[in-house]
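Student: Please take me through the salt bridges in this model. I would like a close look, pair by pair.

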Amino acid sequence: MSEQSKSSQAPDRTPRVVIVGAGIAGVQTAVALREQGWRGAITLLGDEPHQPYDRPPLSKAVLLGKADGSTFDVDFAALDIELHLSRRVTALVPDAHLVETAEGPVPYDYAVIATGADPILLPGSEGLPGVHLLRTLDDAERLRPVLAAQHEIVVVGAGWIGAEFATAAREAGCAVTVVEAADRPLAGALPAEVAAHMTGWYADAGAELRTGARVASVTSGMVTLADGTRLPADAVVVGIGARPATAWLAGSGVAVSPEDGSVLADERLRTSVPDVYAVGDCASFPSTRYGSRLLIHHWDNALQGPRTVAENIARGEAEGVVYDPVPYFWSEQFGRFVQYAGHHVDADELVWRGDPAGAAWSVIWLRDGRLVALLAVGRPRDLAQGRKLIERGVALDRERAANAAVPLKAAAL
């Protein structure tokens, strides 16, 4: 069909879904809508100039110069998805069913908020030369020559992104010091008894980890800690967390959490205003499985959630589906493949599988004897089996579950 023919049909293609955000959650929502048989118009608005791309490779292949990018393999034209790049969204007007942008309003019948999360800035460091974040393709491209020059780097934050960047920097031959305000790495993600066994990974890789170290100031070429320690730094990389990118929703009526800034979606990922959904890093949702509201800043959530949104839009409220996943993520750091499934916060028992001082081990969390979460280091089979057991709410035999030689599924009662 010619472009002119498509254009002449455009006014008749109703209704319209407008997706705000062209990261993985936004792109997957658009693709899933077509897979669900949505025949109306789909408009995808992205604020970056680049073709939509995947973010995990930024801290690995792209950063190390092993890949130029990670563009999604999606033919937007063939799927009749209108993609608008460098289109910054400024507001949502539900009463008028409009998404306001710097270039003018975009009408919608359904809107999907998929704006992701923005990295938290280190106070006093914004705009300083040599201080970097690692969220966008442009960020990775700015950091690539820093790694290639084998500079002396200070990483602020020993969370997932800090560990992954430190891994890449050491692989590139940089001198790396990681400073973490908490008393251990991954303090916000894992309990002390588990994270303690990951502390030595830094030294094993030739990186220095300083815990209990608060940054007092950053100046050109130097990071000064609260105790007066001065750390030379050709570059500073900040990885101290992210916050949902929802400030643009102010005044829209869309309910947002006052604690974490997430859009308060319901069990079907609907927001508090009609015909508007939210998905991915910017949205929290109630989990019946875990009895709490979850905010998940991980790739798998941004892949799975869009399928629920698309199905609920395409099939309508009467046939809507509930979103209640088993959270999953993975990380490659210091030569180890780390995977996690579930949600351990409300667990009442922890069981080790294997020696955490070794190269491969797992830890599982139980609640009332049932498996609710699992962390696997170099044991992908444990993760695959454990994820299925969590989905089914299976109780485990503790003695068999603690025996690393016994397949996890064989511990099911």
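Tutor: A salt bridge here is a side-chain nitrogen of Lys or Arg within 4 Å of a carboxyl oxygen of Asp or Glu. The model is predicted. A search of the whole structure finds 14 salt bridges.

Start with R210 and E208. Their side chains meet in a salt bridge, at 3.0 Å from N to O. R210 is partly exposed, at 27% relative accessibility. E208 is partly exposed too, with a relative accessible area of 36%.

Next, D266 and R270. The closest N and O atoms of this salt bridge are 2.7 Å apart. D266 has 19% relative accessibility. Buried means under 20%, so D266 counts as buried. R270, at 22%, counts as partly exposed.

Now D382 and R353. Their side chains meet in a salt bridge, again with an N to O value, here 3.0 Å. The pair links distant parts of the chain, 29 residues apart. D382 lies in helix α8, residues 380-392. R353 lies in strand β24, residues 349-353. D382 is buried, with a relative accessible area of 3%. R353 is buried as well, at 0% relative accessibility.

D266 is buried, whereas R270 is partly exposed. D382 and R353 are both buried.

Conventions: Residues numbered from 1 in each chain as written. Predicted model: local features only at pLDDT ≥ 70, side-chain atom pairs only at ≥ 80, totals over all residues. Heavy atoms only, no water. Buried < 20%, exposed > 50% of the residue type's maximum accessible area, 1.4 Å probe, protein only. Helix = DSSP H or I, 4+ residues; strand = E, 2+ residues; numbered from the N terminus.
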